[in-house]
Amino acid sequence: MRVFLLIGPPGAGKGTQARKLVEKYGWSYIATGDLLREEIRRGTPLGQQIQKIVEGGRLVPDEIIVQVVASYLDAGRDYLLDGFPRTVGQAEALKELLRQIGGEIGGAFLLEVPEETLIERMIGRAKIEGRTDDTPETLGVRLREYQEKTAPLVAYYEKEGKLHRVSGVGTVEEVFERLNSKVEFLLTEVHE
Ligand code: ADP
């Protein structure tokens with residue numbers, strides 16, 4: 001069982017690329033942001049607990065998100081995780097989960113996009129999708145959360161030898177091609 005990760009700041013295009021990747025490679029898809037928004041929409045106890053946090057642009061506590069992801073991971077499949085892990089604590093929890101079910105990380109793709117471009121894209125998306133956390137007020141919070149809590153994952157996965165940097169600038173197809181060439185390389189590598 002292998003798990004591929006998509007890491008990048010809000011607005012980097014993770015969701016768009018993730019959908020194309022899972023379609024092409026047949027991986028199961030877990031997008032933690034979508035799962036959390038669905039809990040909020042359904043008004044479950046978890047949804048009520050996290051609504052203010054998510055809408056304020058902050059990260060939900062590691063214990064909560066780790067439990068959610070653990071409940072979806074199944075040893076018999078390969079996955080693309082979008083938006084998880086987002087902290088070093090979550091990365092360590094994922095490592096332990098994978099150890100327990102006999103899985104491994106196939107690769108962690110970092111989508112790199114300059115901050116000015118991120119801001120333009122998120123303002124555009126707010127108008128189209130009407131996501132309640134895509135407001136100008138929360139954009140700054142989300143970018144700061146990313147810099148403080150998620151950016152350290154870059155060094156973490158670099159040290160693990162799993163990090164693959166991909167430029168997220170250009171058209172959807174251009175970025176997808178860059179990701180594809182990394183994935184093809186990883187899939188043809190010999191694994192003992
Ligand atoms: P984006 O990457 O554009 O911010 P997501 O849909 O991935 O959008 O996430 C939206 C929100 O969901 C985050 O701002 C955060 O509040 C919450 N969230 C998603 N994944 C995680 C996670 N792994 N840990 C903590 N909070 C998360």
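Modeller: On a 1 Å grid over the protein atoms alone, a pocket is an open set of points with protein on both sides within 12 Å along at least five of seven lines, whereas a cavity is a set where a 1.4 Å probe fits but cannot get out; lining residues have an atom within 4 Å of a point. Grid points are joined across faces, edges and corners, and a volume is the space filled by probe spheres set on the points. The model is predicted, so local features need pLDDT of at least 70 and side-chain atom pairs pLDDT 80 or more, while totals for chains, interfaces and linings use all residues. Residues are numbered from 1 along each chain as its sequence is written, and side-chain values use heavy atoms, with hydrogens and water left out.

Colleague: How much space lies in the largest pocket?

Modeller: The largest pocket holds about 900 Å³ of space. Its lining has 41 residues, and the closest to its centre are Pro10, Gly11, Lys14, Arg125 and Arg131.

Colleague: What takes up space in the largest pocket?

Modeller: The ligand does; a molecule sits in a pocket if more than half of its atoms lie within 2 Å of the grid points.

Colleague: Which residues are closest to the ligand?

Modeller: Thr32, Arg58, Gly83, Arg86 and Gln90 are the closest of the 19 residues that surround the ligand, each with a heavy atom within 4 Å. Helix H2 (residues 32-42) gives the largest share of this shell, four residues; helices are DSSP runs of H or I with at least four residues, strands are E runs of at least two, and both are numbered from the N terminus.

Colleague: Where is proline 85 found?

Modeller: Proline 85 is in the loop between strand E3 (79-82) and helix H5 (88-101). A cis peptide bond, with omega about -5 degrees, joins it to phenylalanine 84. Most peptide bonds are trans.
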